[in-house]
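Open the model in a viewer and keep the selection tool at hand.

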Amino acid sequence: MMFRRKLLAVFALTVLVSVAAVAWSISSLTRRAFERANEERSAALVAQFRREFNRRGEEVAHRVETIAASEGAIRMALALNHGSPDYGAFLNEARTIADNQQLDFLEFIDGQGTIISSAQWPAKFGYKETLNLVSAVPKDAFLKQEELPDSAALGLIAVRELSLGEKPLFVIGGRRIDKDFLSSLELPAGMRAMFYQSLGSSFSPQFLIDTSGTVRQADQIAPIIQQLQHQRQETTTLVHWSSDAADDETIDAIPLNGRDNQLVGVLLIGNSRRPYVELRQHIRSAAVLSGAAGIVLAILLSGWAAARVTRPVEQLAHAAREVAAGNWNTQVAVSSSDEVGELAESFNRMTRELLAQREHLVQAERVAAWRELARRLAHELKNPLFPLQLTVENLLRARQQSPQQFEEIFQESSSTLLAEIANLKAIISRFSEFSRMPQPQFQQIQLNDVVQYVGRLIQAQLDAPERAPIECKLELAEPMEPIAADPDLLHRALSNLVLNAMDAMPQGGTLTLRTRQLGDLSYVEVSDTGTGLTPEECERLFTPYYTSKPHGTGLGLAIVQSVISDHGGRISVQSESGRGTTFVIELPRNADKLQNADQSLDATAGSH
Amino acid sequence: MRLTGFPLLVASSLLCALSASASTRPHYGGTLHVEMRTAPTSLDPGDSNQVDGFEWRNLFGLMFDTLVLLDEQGRPEPALASSWQAEPGNQRWQFFLRRGVNFQDGAPVTPDAVAASLRKTNPTWKVLSEGEAVVIERDSPAPNLPAELTLPRNSIVRRAGGKISGSGPFAISRWDPGKKLSLAARDDYWNGRAFLDAIEIEMGKNFREQMISFDLGKTHVIEVAPEQTHRATAEGRHVESSAPVELVALVFRRDPQSPEDGRQRQALALSIDRELLNTVVLQGGGEPAGGLLPDWMSGYGFLFPASINLELARQVRSEIPHTTSWTLSYDSNDPTARVIAERIVLNARDAGLGMQVTSASSADVRIVRVPLISVDAQIALSELAAGLGLSQPKFASSSVDDLYGAENKLLQSQRVIPLLHLRRGYGVSNTVKNWRTARDGSWRLPNVWLAAENP
């Protein structure tokens with residue numbers, strides 16, 4: 001993966017993780033804050049409920065007290081003390097008074113608990129009231145289940161006693177805890193109050209009300225009610241009304257006990273989680289947007305940073321490739337003082353060192369080459385000079401010791417001297433020839449033609465009777481694209497290789513000349529089946545003046561390599577000891593040179 | 001002094017006597033103002049949506065005549081029909097019309113007109129005219145046909161041009177359906193002109209509104225609920241009450257489904273304290289009812305026990321292994337019915353029976369109020385059975401034994417439990433003279449006249 005992509009991925013991942021972490025943190029904080037606010041709001045609502053409860057209780061007590069002091073109650077108390085009351089006369093009395101005093105429940109009972117008149121159940125005259133007033137009359141209002149003809153209701157009840165004679169009259173009045181009561185509670189947005197009238201152990205949906213009446217999906221509240229009925233303590237439950245989390249509601253259930261500490265009702269305060277869910281969604285949306293923006297920013301930043309960081313690295317990589325290609329004087333610009341700048345500085349120092357080393361090495365090699373040349377030259381020259389010295393000494397000695405034979409000796413010695421001098425000249429001309437290697441004159445040639453020409457020339461030498469039999473094989477690829485080359489120089493190079501191959505096969509063998517073409521490259525291979533070369537010999541084979549032959553100058557393969565190099569090609573050797581050697585020449589088409597060659601040819605033709 | 005004083009004393013005494021005599025002597029004129037709860041939208045006796053109730057009977061009696069009337073003892077007496085006769089078997093009857101009687105629109109009351117009127121309300125009857133007589137042929141013996149012809153729906157009317165004309169003592173002068181009916185006395189009424197010039201009837205007024213109007217002197221005659229009769233009287237109002245003419249009963253939706261069901265119904269009937277219902281809830285505005293017909297009508301009402309027997313009720317209840325909890329409904333517009341229903345629930349509970357008051361129309365039991373629309377016991381029982389949704393009783397003769405047998409059979413079906421017989425009460429202004437409420441609660445307005453002062 002590219003460094004830029006890595007950098008982008010790291011940046012994006014960092015941004016995403018950061019945004020996710022921040023979003024999670026904010027969400028968690030929000031949730032805790034919301035839950036805390038919910039608890040506070042629920043507590044406030046419970047407190048409000050209790051205040052309203054107490055206020056209404058006082059109001060009910062006041063109204064009941066007013067009724068107890070009213071003329072109707074006094075008349076009833078008097079009738080009670082004058083004997084058995086006429087139920088018919090008071091049948092609608094309680095209802096009328098209750099309507100006037102805006103009470104939902106009102107009963108007048110005698111000392112034995114017998115109902116004289118009832119507002120909520122007028123037909124109940126003569127029956128006994130369940131409330132036990134024998135011990136004491138409660139001063140404050142309290143919760144009480146009121147049985148009604150068709151159901152039961154929870155009431156906030158107050159009791160007052162009216163004693164005008166021996167038989168007391170009790171006034172029991174109250175107001176219903178219903179949706180109107182719930183409506184009087186000032187609920188903050190998102191909150192609602194419900195009330196469950198607890199009549200038995202089993203849950204009855206019709207007894208669960210809110211300000212709008214009966215509660216929909218009341219069955220979901222049942223577990224809360226049952227848990228509270230079992231535990232008798234406040235509980236908090238999260239209710240999922242639908243698959244939409246925004247519909248969830250946290251419900252606090254508060255038990256309401258009656259006079260005998262019996263559970264008579266349950267106050268349920270619902271806190272909608274919609275604000276929280278919507279806020280959470282907003283946070284998530286903001287996080288997603290921030291993440292997206294962060295990723296875009298990461299792309300831009302990573303691009304900028306990568307450009308800042310990778311451009312010097314890329315320059316270094318490019319420079320390294322240049323160095324690898326032999327351009328050792330490559331330098332990179334040092335644009336910063338950081339690690340990358342230090343690296344660039346080191347790179348520049350390295351190339352400078354390499355250049356210095358190479359110069360030093362070249363000089364050393366040059367010195368070595370000169371030494372080798374001197375050694376070789378001395379060696380080459382020493383061989384002919386030694387016979388010359390002997391011949392001249394022989395001549396001097398002959399003139400002093402036997403002048404009569406001097407002439408004969410002089411003649412012999414002269415021929416020897418001439419021969420050795422010719423030998424010296426040949427040696428000198430070879431060195432001179434190497435030093436005067438001409439630049440190739442490119443022209444369009446068919447490589448196979450050059451190879452075939454060399455084959456024909458060498459065939460005469462191969463056919464010499466004193467030579468061990470060597471078979472010459474030509475394996476030429478057809479067709480071959482023409483290339484631009486100097487045919488004379490190629491001929492000379494190939495001839496050198498062929499002669500070396502022949503020298504490598506003193507016992508005879510097979511000489512193979514092979515051509516082939518791969519793409520724009522043309523190949524010529526010269527193979528022998530001779531003794532082969534050692535790896536060390538292969539390494540030094542193209543070094544000038546190096547030879548493995550007793551009488552070689554070591555310039556042949558150097559000349560070959562020079563020719564091939566001047567053609568833009570390469571030469572390599574593959575050899576296996578005892579099985580022969582193959583020299584492989586790789587030549588480019590030199591199309592540009594071919595064009596120049598054609599133009600020069602045309603110009604030449606035109607000039608003629 | 002003595003000579004001059006005595007003639008003056010005699011003269012002043014005569015003047016006082018004459019003025020007193022003038023204030024108590026009937027005289028023509030005046031408009032009687034009446035208010036009532038019912039708000040009929042039609043005055044056509046043939047309208048099947050109308051109910052044979054007291055209000056219709058009293059209204060129709062002002063505007064329309066029937067062929068026959070019943071006297072206080074339930075005996076038929078001539079009205080539009082001057083005489084009648086039945087052929088053997090009592091299936092074919094001939095009614096001979098009174099001559100010279102005209103409808104309000106001036107058309108004469110002819111046999112054809114009478115036959116057309118009766119055919120409209122009794123499509124199963126074969127009614128035809130024969131000379132001066134109207135002939136009615138029934139599918140089965142109808143010994144009480146004359147009494148049946150006194151029912152409000154059998155009032156004789158002439159329907160022409162979308163208007164209703166009757167031959168009664170008053171003619172319709174203005175009709176605002178459901179709100180107000182104005183009647184004017186007919187000078188040509190065959191039985192003599194009424195003393196009153198006109199009657200104005202305000203409709204759709206509840207008891208409370210009527211009482212307020214009455215106390216403010218805006219109306220002469222109002223209806224008084226049975227449970228308010230005692231109080232109204234105690235507060236100084238003049239209330240005319242009928243004999244008990246309305247049955248309050250529990251009616252089961254279905255016949256007993258099993259012997260246990262029947263015994264449970266029996267236990268319920270025994271557990272109800274009718275006496276307390278009457279004295280407390282109805283303030284003595286009725287009578288406890290053990291039978292369907294009141295004692296004054298049948299003469300044997302005492303044979304059906306009406307008193308509570310809680311001990312026996314509990315015993316019967318204890319013999320039932322599994323009881324059904326019934327639902328009890330009542331007319332939600334009737335507050336007294338509600339109290340009665342709630343009391344019955346309490347009574348039933350005392351006997352160990354489950355019962356719940358409900359407003360659902362499909363309750364197991366409902367409280368109904370059915371008027372005894374005729375003073376003829378058999379007709380009253382038949383109409384009662386029809387009103388209660390019970391099978392029609394069969395009468396072989398007009399004997400009391402047949403009546404008792406039929407009523408007993410209806411009670412034995414255990415579809416109905418009688419509770420109370422209620423009286424009809426009317427508050428009558430002191431300026432209304434010669435007012436007389438019949439035993440069956442019907443008005444006798446033609447002889448009523450108004451004193452000089454305003455209502």
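Select the contact between the chains: 15 residues of chain A meet 15 residues of chain B, where contact means heavy atoms within 4.5 Å. This is a predicted model, in which local features need pLDDT of at least 70 and side-chain atom pairs pLDDT 80 or more, while totals for chains, interfaces and linings use all residues; side-chain values use heavy atoms, without hydrogens and water. Residues are numbered from 1 along each chain as its sequence is written, and chains are lettered from A and ligands numbered from 1 in the order in which they are written.

Chain A and chain B bury about 1,300 Å² between them, 57% of it from carbon and sulfur atoms; buried area is the accessible area (1.4 Å probe) that two parts lose on being put together, summed over both. Colour A:Phe125, A:Tyr127 and A:Pro149, which supply 39% of the area that chain A buries against chain B, more than any other three residues.

Next, show the side chains of A:Glu147 and B:Arg349, which form a salt bridge at 2.6 Å, N to O. The term means a side-chain nitrogen of Lys or Arg within 4 Å of a carboxyl oxygen of Asp or Glu. Between chain A and chain B the count is one salt bridge. On the side of chain A that touches chain B, nine residues are nonpolar, two polar and four charged; Ala, Val, Leu, Ile, Met, Phe, Trp, Tyr, Cys and Pro count as nonpolar, Asp, Glu, Lys and Arg as charged, and the others, Gly among them, as polar.

B:Glu383 is in helix 12 (residues 377-388) of chain B and B:Arg153 in the loop between helix 4 (145-148) and strand 8 (157-160) of chain B, so the pair ties together parts 230 residues apart in sequence. Helices (H or I, at least four residues) and strands (E, at least two) are DSSP runs, numbered from the N terminus.

Two backbone stops in chain A remain. Which peptide bond is cis? The bond from A:Glu478 to A:Pro479 is, with omega near -10°; A:Pro479 sits in the loop between strand 13 (470-475) and strand 14 (483-485) of chain A. Then go to A:Arg232, in the loop between helix 5 (222-231) and strand 9 (235-239) of chain A. Phi of A:Arg232 is near 60°, a positive value in a residue other than glycine. Most residues other than glycine have a negative phi, and most peptide bonds are trans.
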